Amino acid sequence: MDKKKFRETALGGLFNNPVFVLVLGMCPTISKSTNIVDAFALGTATAFVLVFSNLFVSALRKFIPDKVRLPAYIIIIATFVTLVQMFIESFLPDLNESIGAFISLIVVNCIILARAESFASKNSVGYAVLDGLSMGVGFIFSICLLGGIRQLLGMAGMKVFVTTPGGFIVLGLMMALFNYLLSIYKAHQAKKTAQILKGVA
Amino acid sequence: MSRTVKNALISAAVLVVIAVVSVTCLMLANAFLPKYTPTLDIKKIGQLRQVAPVEADDSTALSDGYYSIVGSDAFDLEKFNTDNRTVGEVLAVYKVEKGENAGMYITETKTVGYGSQNTVLLTAYNADATVAGLIKLRDDGDYLLTDSAQYEALRNAVIGKKAMTTDEIKIATGATANGSISGIEKNLRLSGDLIVLLLGEGE
């Protein structure tokens, strides 16, 4: 196993965070991050679809002709979304009432199609599943963080942050902070690598 | 056979195989997952009281049996749903057993608007099959019913009527949310047909 590729894929959800770095899936991120419970549920549902669609897209990549790959991916993604929706309707009716509308919209969530197209269709099943897990966890982390902060601000009386415009403000600030911390980490890593190379030379 | 035709046929065949496998998986899941079963809990009683009020509070209405679920002895719900599957699904029918609205039927219906969004309504009916009250339990459509003014306008317009066309809903609410409007129209049509069946053709 290529250790570097494994590490890069496993940490993809952090360094290429779908919400804070790639800025994908903004509609559910803003709409359902008003409280942490809905955010976690939608994040988990999205992660499930991401993992399984990546698995099947990767497994079938050699059989799906290039010209029909997108409709094929959409069918695969829609199947898993419908399964999740049926499961939630059957077992979690209260959750279904609050996030039901957004479950069916997972089909058109850019994160899922983007990962299927840019990663799963070009890599082996193991890496595709790892990428799905990593990106899924990254999405859950971001949406829960946003949901938690907006819920706390709402409870503190700042109701504006529970609204959609307020959601964008919180998201923008979170995005700035996340990318700032990420740039510090990357600069630190680059410095460390340069020192090692200098030592070797 | 030219290479282009061959490629097109292979592409179509692959898509068909993927679609067939997907549909089979969904059919199996649909067969094994438990179906919605109506229950009369405190939350449901609260919703029923909004469309067909009784003088008792929620907990008294629940414990004293102010509402009941209309069972299969009154009508064949499964057959009705099969016959009307293109319109939507009746999830449950409730009846007011006590109080000034005793005898009133309440339907819980689910339909799909334009673009496959679910709309679930709870609609109460008078003895002459006209609407007595209405609340939305779910609207995944264009969010017409999240606007309280439009929702109130819809309620005011539908009370006393047996059904409403999509144009009438648009005029009454001033909304252009096609997904929601279509879902509401289908809900009213479906529940109206069922009420006529329950009350008898002559009434």
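Tutor: Start with Val57(A). Leaving out residues up to four places away in sequence, Val57(A) touches Tyr73(A), Ile76(A), Ala116(A), Ala120(A), Ser121(A) and Ala128(A). Touching, or being in contact, means that two C-beta atoms, placed from the backbone, lie within 7 Å. The model is predicted: local features need pLDDT of at least 70, side-chain atom pairs count only at pLDDT 80 or more, and totals for chains, interfaces and linings use all residues. Residues are numbered from 1 along each chain as its sequence is written, while chains are lettered from A and ligands numbered from 1 in the order in which they are written.

Now the core around that residue. The largest nonpolar core has 43 residues, and Val49(A), Val57(A) and Ile77(A) touch the most other members. Helices H4 (36-59), H5 (69-91), H6 (93-104), H7 (110-118), H8 (125-155) and H9 (164-200) of chain A each supply at least two residues of this core. Apart from it lies another core, of 35 residues, including Val120(B), Met164(B), Ala175(B) and Ile184(B). Such a core is a set of buried Ala, Val, Leu, Ile, Met, Phe, Trp, Tyr and Cys residues joined through C-beta atoms within 7 Å. Buried means 20 or more other C-beta atoms within 10 Å of the residue's own, exposed means 12 or fewer, and partly exposed is in between; these C-beta atoms too are placed from the backbone.

Next, chain A as a whole. Its secondary structure comes to 9 helices and 0 strands. Helices (H or I, at least four residues) and strands (E, at least two) are DSSP runs, numbered from the N terminus. The C-alpha atoms of chain A fill a box of roughly 60 × 50 × 25 Å along the principal axes. Of its 201 residues, 37% count as buried. Among contacts in chain A with a separation of 6 or more, 79% join residues 24 or more positions apart. Val23(A) is worth a look: its phi is positive, about 55°, although it is not a glycine. Val23(A) lies in the loop between helix H2 (12-15) and helix H3 (26-31) of chain A. Val23(A) has 13 C-beta neighbours inside 10 Å, so it counts as partly exposed.

Chain A also touches chain B. The contact takes 19 residues from chain B and 19 residues from chain A. On the chain B side, the largest share, 12 residues, comes from helix H1 (residues 3-32) of chain B. That side divides into 10 nonpolar, 7 polar and 2 charged residues. Here Ala, Val, Leu, Ile, Met, Phe, Trp, Tyr, Cys and Pro count as nonpolar, Asp, Glu, Lys and Arg as charged, and the others, Gly among them, as polar. The domain assignment of chain B gives domain 1 (1-33) and domain 2 (37-199). The bounds come from an automatic or database assignment. The C-alpha centres of domain 1 and domain 2 of chain B lie 39 Å apart.

In S4(B), 8 of the 8 residues are buried, so the strand is largely enclosed by the rest of the structure. In a regular strand, side chains alternate between the two faces of the sheet. Asn118(B), Val120(B), Leu122(B) and Ala124(B) point one way from S4(B), whereas Thr119(B), Leu121(B), Thr123(B) and Tyr125(B) point the other way.

Now the pairing. Two strands pair if DSSP finds at least two bridges between them. Strand S3 (residues 105-112) of chain B runs antiparallel to S4(B), joined by 8 bridges. Thr111(B) has Thr119(B) as its bridge partner in S4(B). Glu108(B) stands opposite Leu122(B) in S4(B). S3(B) has 7 of its 8 residues buried, so it too is largely enclosed by the rest of the structure. Strand S2 (residues 88-96) of chain B is joined to S3(B) by 7 bridges, again antiparallel. Gly88(B) has Thr111(B) as its bridge partner in S3(B).

Beyond S4(B) comes strand S5 (residues 131-139) of chain B, antiparallel to S4(B) and joined by 7 bridges. Leu121(B) has Lys136(B) as its bridge partner in S5(B). S4(B) and S5(B) form a hairpin with 5 residues between them. Ala129(B), in the turn, has a positive phi of about 70°, although it is not a glycine. Ala129(B) is buried, because 21 other C-beta atoms lie within 10 Å.
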